[in-house]
Amino acid sequence: MITLAAETRGFLSPAGVEIVFLLVGLVTLGAAVVTVTTRQLVHSALWLVATLGGLAVEYLLLTAEFIAWVQVLIYVGSVVVLLLFGLMLTRAPIGRSPDADSGNRPVALGVAVVSAGLLVTLVVDAFRSTWIDVSPARGTTDIMGAALFRHWVLPFEALSVLLLAALVGAIVLSRRTAPSADGAGEDR
Amino acid sequence: MHLAYPAVLAALLFCVGLYGVLARRNAILVLMSVELMLNAVNLNLVAFDVWLRDTLHAGQSLTLFVITVAAAEIGIGLAIVLAVYRARGTSDVDRLRDLAEPPAVPDPAQLPAEEAAA
Amino acid sequence: MNAIDVIVTLLGVLLVFLVLPLVVGQTEHKVMAHMQGRVGPMYAGGFHGWAQLVADGVKFAQKEDVVPDGADRRIFQLAPAVALLPYLIVLVAIPFAPGGGVGQAIDAGIFFVLAVMGAGVLGTLMGGWASANKFGLLGGLRTAAQLLAYELPMLLTAASVAMAAGTVSLTGILDGFEWWWIPWQIVGAFVFFTAGLAELQRPPFDAPIADSEIIFGAYTEYSGLRFALFMLAEYAGIVVLCGLTTVLFLGGWHGPFSDSVGWLWTLLKTAVLAFGVIWLRVTYPRLREDQIQRFAWTVLIPLALAQIALTGIVKVVI
């Protein structure tokens with residue numbers, strides 16, 4: 001099975017993979033910037049969908065196919081729907097919302113730009129002569145399944161307990177309390 | 001592929017998410033920015049896994065675990081935001097400054113009875 | 001990979017995507033009519049109204065494109081495309097004939113199909129919210145809650161089949177299919193089909209688009225071509241669901257003379273399942289929203305887990 005996966009030739013040439021990665025990366029980055037700057041709340045969530053979808057394509061280019069589809073399934077299919085639910089249940093308006101951005105925007109921009117400069121310089125300098133080889137596909141479902149259930153069983157099981165705790169916690173938190181005397185439990 | 005491409009993209013996405021966490025006021029938008037940061041980390045992990053080609057597939061497995069934990073976090077985070085919205089009427093993080101509900105104010109309609117009793 | 005081959009394959013998938021839902025729609029008109037003691041469309045096209053849906057398509061295409069005044073224009077206009085495209089993409093991966101009879105054999109098969117279908121819920125949610133209509137918003141929220149709840153039984157039962165076959169690739173599952181898988185996975189088949197019906201918001205799970213409660217839910221403000229695209233998405237979803245159930249649980253192209261007429265077996269099995277979908281519409285009353293949620297979480301998911309347990313036990317024993 002694993003040798004079969006190793007023999008599959010990629011669709012794109014190595015240079016093609018780089019070019020497509022760069023282009024999709026630009027789109028992803030642009031969508032992410034719009035996500036954090038737009039003042040329309042639901043548009044922000046939808047640009048987040050574009051960002052996460054772009055990242056799924058990047059994972060496919062890096063031959064991490066299983067993770068790409070998990071990304072689409074969990075992030076695009078569930079997490080964004082939950083975020084949209086949250087926005088709609090907290091009365092997100094159509095059009096610009098006045099309380100989307102706080103007053104810290106200049107400071108936040110400064111911090112983000114400084115850390116971006118720092119990280120990018122560090123990363124480019126550290127990896128200036130490192131190439132990665134994407135040709136034997138490394139993230140197919142069989143390979144990942146074998147790795148998960150051979151080497152990572154304990155974290156896997158611990159995560160299922162964590163998910164159960166999260167599920168129970170979310171249910172408990174979102175139960176409406178019995179109407180108290182001052183009506184603090186009411187939504188209106 | 002040069003490793004700088006995914007690494008730089010991940011670093012830039014992380015900083016965009018950082019800006020979002022600091023600059024946004026609506027709690028759900030802050031959660032979205034945290035998701036951006038987690039995704040940047042995932043991209044880094046996957047890129048390093050493809051680079052190092054270790055037998056444990058540590059990068060991709062940890063990516064799966066991060067995705068799972070992020071999904072659990074969003075679930076709980078949204079439940080908290082909704083509970084706060086119900087109790088305080090707002091999901092602005094700037095306006096959530098109380099650690100407890102204020103003490104109950106005496107009901108004005110009951111004052112005449114108290115004055116009559118006093 | 002030849003460019004001509006790719007283009008021909010894509011055109012073929014597009015043709016199937018445009019024709020089969022119309023066939024299902026026309027069948028629904030006629031079958032519902034006869035089951036209710038009437039005859040259905042009889043005039044369009046002369047012979048028993050076969051061109052009714054073509055006439056409907058022309059009608060929708062020439063209608064005025066109305067966007068409500070307070071609506072979010074771009075999201076309102078984008079929503080039908082987001083709801084429709086996942087089914088087109090998924091159709092590429094479904095095998096219909098042995099020996100490479102598939103648009104594109106995708107290694108992550110089931111996973112890819114269910115992930116992309118799960119992304120389709122965003123279209124309805126976008127449409128419901130962007131309509132600036134209370135009924136639209138309520139319908140969109142109901143749709144999202146229902147689709148999220150029923151994704152899980154579909155995933156679990158599909159995982160059961162993947163366990164039985166030892167692969168998630170759809171072509172691999174059909175290559176390894178044995179006749180005794182049908183009784184083995186029968187519980188999973190029932191759960192998958194029912195969960196799929198709820199994913200498509202078909203009766204009896206159509207509370208999100210209940211016309212007697214919330215007008216038409218998320219699609220209330222839609223008219224003309226955009227409305228037609230949402231309806232096309234529903235019927236394409238029926239085709240995809242029946243195709244998937246056929247491939248996963250009924251053996252797809254397996255049958256006598258499958259080397260030459262395997263595609264016919266696939267079509268026949270899909271048609272029988274589509275008939276079942278239509279039959280259910282005229283048979284059962286609508287479930288309430290809380291009954292729908294309870295059904296998913298307390299009936300379908302335990303059944304799916306039991307199916308996985310059974311699959312695991314049999315795999316270990318055999």
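**Exercise 1. Describe the residues of chain B for which UniProt has a "transmembrane region" entry.**

UniProt, in an unreviewed entry, lists residues 62-85 of chain B as "transmembrane region". UniProt positions follow the numbering used here, feature names are shortened, and annotations may be inferred rather than shown by experiment. This is a predicted model, in which local features need pLDDT of at least 70, side-chain atom pairs count only at pLDDT 80 or more, and totals for chains, interfaces and linings use all residues. Residues are numbered from 1 along each chain as its sequence is written, while chains are lettered from A and ligands numbered from 1 in the order in which they are written.

Now take the geometry. The span 62-85 of chain B is 100% helix and 0% strand. Its end C-alpha atoms lie 34 Å apart. Helices (H or I, at least four residues) and strands (E, at least two) are DSSP runs, numbered from the N terminus.

**Exercise 2. Work out which chains touch, and what each side is made of.**

Step 1: Two residues are in contact if their C-beta atoms, placed from the backbone, lie within 7 Å. Chains B and C share no contact. Their closest C-alpha atoms lie 13 Å apart.

Step 2: take A with B. Here 65 residues of chain B contact 76 residues of chain A. On the chain B side, α1 (4-23), α2 (27-52) and α3 (58-88) each supply at least two residues. α3(B) gives the largest share, 22 residues. By class, this side of chain B has 46 nonpolar, 12 polar and 7 charged residues. Ala, Val, Leu, Ile, Met, Phe, Trp, Tyr, Cys and Pro count as nonpolar, Asp, Glu, Lys and Arg as charged, and the others, Gly among them, as polar.

Step 3: take A with C. Here 19 residues of chain A contact 22 residues of chain C. The elements of chain A that give two or more residues are α3 (41-61) and α4 (65-89). α4(A) has the largest share, 13 residues. This side of chain A has 14 nonpolar, 4 polar and 1 charged residues.

**Exercise 3. Characterise the packing of α3 against α5 in chain C.**

Step 1: find the angle. The axes of α3 (residues 73-91) and α5 (residues 121-130) of chain C come within 7 Å and cross at roughly 160 degrees. That makes α3(C) roughly antiparallel to α5(C). Axes are lines fitted to C-alpha atoms, for helices over the stretch in contact, and angles run from 0 to 180 degrees between N-to-C directions. Angles over 145 degrees count as roughly antiparallel, under 35 as roughly parallel, 65 to 115 as roughly perpendicular and the rest as oblique.

Step 2: list the residues. α3(C) contributes C:I75, C:F76, C:L78, C:A79, C:P80, C:V82 and C:A83. α5(C) contributes C:L122, C:G123, C:T124, C:M126, C:G127 and C:A130.

Step 3: sort by class. The contact has 10 nonpolar, 3 polar and no charged residues.

**Exercise 4. Is C:E28 buried or exposed?**

Start with its location: C:E28 is found in helix α1 (residues 3-35) of chain C. Then count neighbours. C:E28 has 21 other C-beta atoms within 10 Å, so C:E28 is buried. A residue is buried if 20 or more other C-beta atoms lie within 10 Å of its own, exposed if 12 or fewer, and partly exposed in between, with C-beta atoms placed from the backbone. Finally, C:E28 and C:V277 are 249 residues apart along the chain, yet their C-alpha atoms are separated by 9.1 Å.
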